[in-house]
There are 2 protein chains.
Amino acid sequence: MTTEARETLPVPTAVPGVALFPAEFERVVTRLRADIEKMAEAEDFTVLTAPQVLPRDVVERSGYVREFPNLLGSVHNYGGDATAWLSRRAEAVPGGMWHDDQKIADVVLTPAACYHTYPLLAGTTVTAPARFAVEACCYRHEASTEPGRLRSFRMRELVYVGTEDACVEFRDRWQQTVADWLTGLGLDVAVEAANDPFFGPGAKLLSVNQRAQELKFELVAPVADGLRQAVASANCHKDHFGETFGIELPDGSPAHSTCVAFGLERIALAVVHANRDGGPEDESYA
Amino acid sequence: MTTEARETLPVPTAVPGVALFPAEFERVVTRLRADIEKMAEAEDFTVLTAPQVLPRDVVERSGYVREFPNLLGSVHNYGGDATAWLSRRAEAVPGGMWHDDQKIADVVLTPAACYHTYPLLAGTTVTAPARFAVEACCYRHEASTEPGRLRSFRMRELVYVGTEDACVEFRDRWQQTVADWLTGLGLDVAVEAANDPFFGPGAKLLSVNQRAQELKFELVAPVADGLRQAVASANCHKDHFGETFGIELPDGSPAHSTCVAFGLERIALAVVHANRDGGPEDESYA
């Protein structure tokens, strides 16, 4: 273990998709954050660190539960009192049924950092565009052991709330900026139109979220031998969050929103992979 | 909101004990991390960033579930298929019962950063002391709205695994180092013997974990007007984790362990509070 933990790659735990990150890996992540901050410095972002849990109401109102029930991790806890627990304590062992009367809590695991920002604007009129740079530890219940397909990961997002035209301009501009940046890091990047398939790839129900197809783009790069994954994305939500959270434009119509998401672990893995492969070296990263 | 988010204090969400942290607050947290790193540089710690979820097995085996069922957040998710979900989709709204057939997952929310380290040593013999500096986003289902009583918070820990005598020496030495550091930051710190009362203060079942009383010390400081809280702690576990995870000393006996825990948000709140009160100023912090 000690050897592994002193190296660059994530240290696995006993469960798939959940890893610890050693200092060398974190140095890459720290450099990525600094780069993102530098790219964003010309615009006036409100910088926030968001928690790993999100009020449950937010995923219920915004449709996340409806579209991605399989990916959502909800939080449950024991709601009984000490006396009641005494009769259950012996079950609190591996394989024990100590949890069969747990109740759902008022929070879920944060599925994407940007969900923390829209409630901050709820019930307001955005007279000037609102911009957030927000990072959170996120969780998605992926059923895979692919490298990079982490269930627990950090996502940094640049969020913009304003008019439809301004959102499309923001999305297109940042998509290009991020593609150029990733290319500069030595990654073989492709921009791909994306959809978030309902219930995962292979499901027959793609049409449920089909309108995402022309709205979301993914920046795809190699994160391991023979494995390309989306390391960043640029996504227009139209007026979905404006409508859900009562965020209005000065003319009374719901505000539009867009976000650019950086998967910090995936980009770091891609950077480490590119450097290991004898790709373009970047002394400052690996 | 924008005004609040540009200030120093945590930005509340719709649920108690869960907040976002603005850039100024994070600057304090970053300085605290750098101080801790500097204090630790004379010893050879393996530095790790741990995820916000932990294999469930770890809290079941180690007794955390048994002692703190009320604080533990477990993760649940929908285990059905897409076709089955179609008949439930309409329930996926606030107040809907979309979650009544969720299943417990193989992870729980990390209750303390150090739980991630013991499994790394499982089944090994520690021929030299093992030291970890580990940070994680942690969750405890506190039922309180006190400032600083966050349910979602970041904990940094220095963990030591070795002989009993070496653990006590490590604990005592670090307790003093941390007390001196906090005092130097302008905090009015007291060291208090602590217990982790089973099921919270006021419960009648304190004796369950009574042996903790001579093993754990808390460093208590003001985090808000009239409110003192533990901002750090120093804790000997005797051979509890050694026995649970099969970590042995060269003589075949179970290894002892100890940890020093830093509540990053609470220390930051205390530093901000001390500076607002006209306490000793520290230009580098606030």
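pLDDT is the predictor's confidence in each residue, from 0 to 100. Contact means heavy atoms within 4.5 Å. The views show a predicted model, in which local features need pLDDT of at least 70 and side-chain atom pairs count only at pLDDT 80 or more, while totals for chains, interfaces and linings use all residues. Residues are numbered from 1 along each chain as its sequence is written, chains are lettered from A and ligands numbered from 1 in the order in which they are written, and side-chain values use heavy atoms, without hydrogens and water.

**View 1. Confidence along chain A.** Chain A has a mean pLDDT of 89, and 87% of its residues reach 70 or more. Over residues 200–213 of chain A, pLDDT stays under 50, and the model has 20 contacts beyond four places in sequence for that segment. Residues 279–283 of chain A also stay under 50, with six contacts beyond four places in sequence. The scores of the model are ipTM 0.91 and pTM 0.92.

**View 2. The rotation axis relating chains A and B.** Chain B is superposed on chain A by a rotation of 180° with 0.0 Å of shift along its axis, at an RMSD of 0.0 Å. The two copies are thus related as by a two-fold rotation axis. Superposition is by least squares on the C-alpha atoms of residues with pLDDT of at least 70 in both copies. Val75(B) is the residue of chain B that comes closest to the rotation axis, its C-alpha lying at 2.4 Å.

**View 3. The interface between chains A and B.** Chain B and chain A each bring 75 residues to the contact. About 6,200 Å² is buried between them, of which carbon and sulfur atoms give 66%. Leu20(B), Gln52(B) and Arg89(B) supply 10% of the area that chain B buries against chain A, more than any other three residues. Buried area is the accessible area (1.4 Å probe) that two parts lose on being put together, summed over both. The copies meet through the same surface, because 100% of the interface residues of chain B are also interface residues in chain A.

**View 4. His76(A) in strand E5.** His76(A) is found in strand E5 (residues 74–77) of chain A; strands (E, at least two residues) and helices (H or I, at least four) are DSSP runs numbered from the N terminus. With a relative accessible area of 5%, His76(A) is buried, a term for values under 20% (1.4 Å probe, protein chains only). The side chains of His76(A) and Ser74(A) are joined by a polar contact of 3.2 Å. A polar contact is a pair of N or O atoms within 3.5 Å; within protein, one must be able to donate a hydrogen and the other to accept it, and residues adjacent in sequence count only if both atoms are side-chain atoms. Beyond four places in sequence, the contacts of His76(A) include Gln102(A), Ile104(A), Ser74(B) and His76(B).

**View 5. Val134(A) in strand E7.** Val134(A) lies in strand E7 (residues 130–139) of chain A and counts as buried at 0% relative accessibility. Leaving aside neighbours within four places in sequence, Val134(A) is in contact with residues including Leu48(A), Ala113(A), Met155(A) and Val159(A).

**View 6. Thr13(B) in a loop.** Thr13(B) is found between strand E1 (11–12) and strand E2 (19–22) of chain B. A polar atom of its side chain lies 2.8 Å from the backbone oxygen of Val18(B).

How values were computed: Buried < 20%, exposed > 50% of the residue type's maximum accessible area, 1.4 Å probe, protein only.
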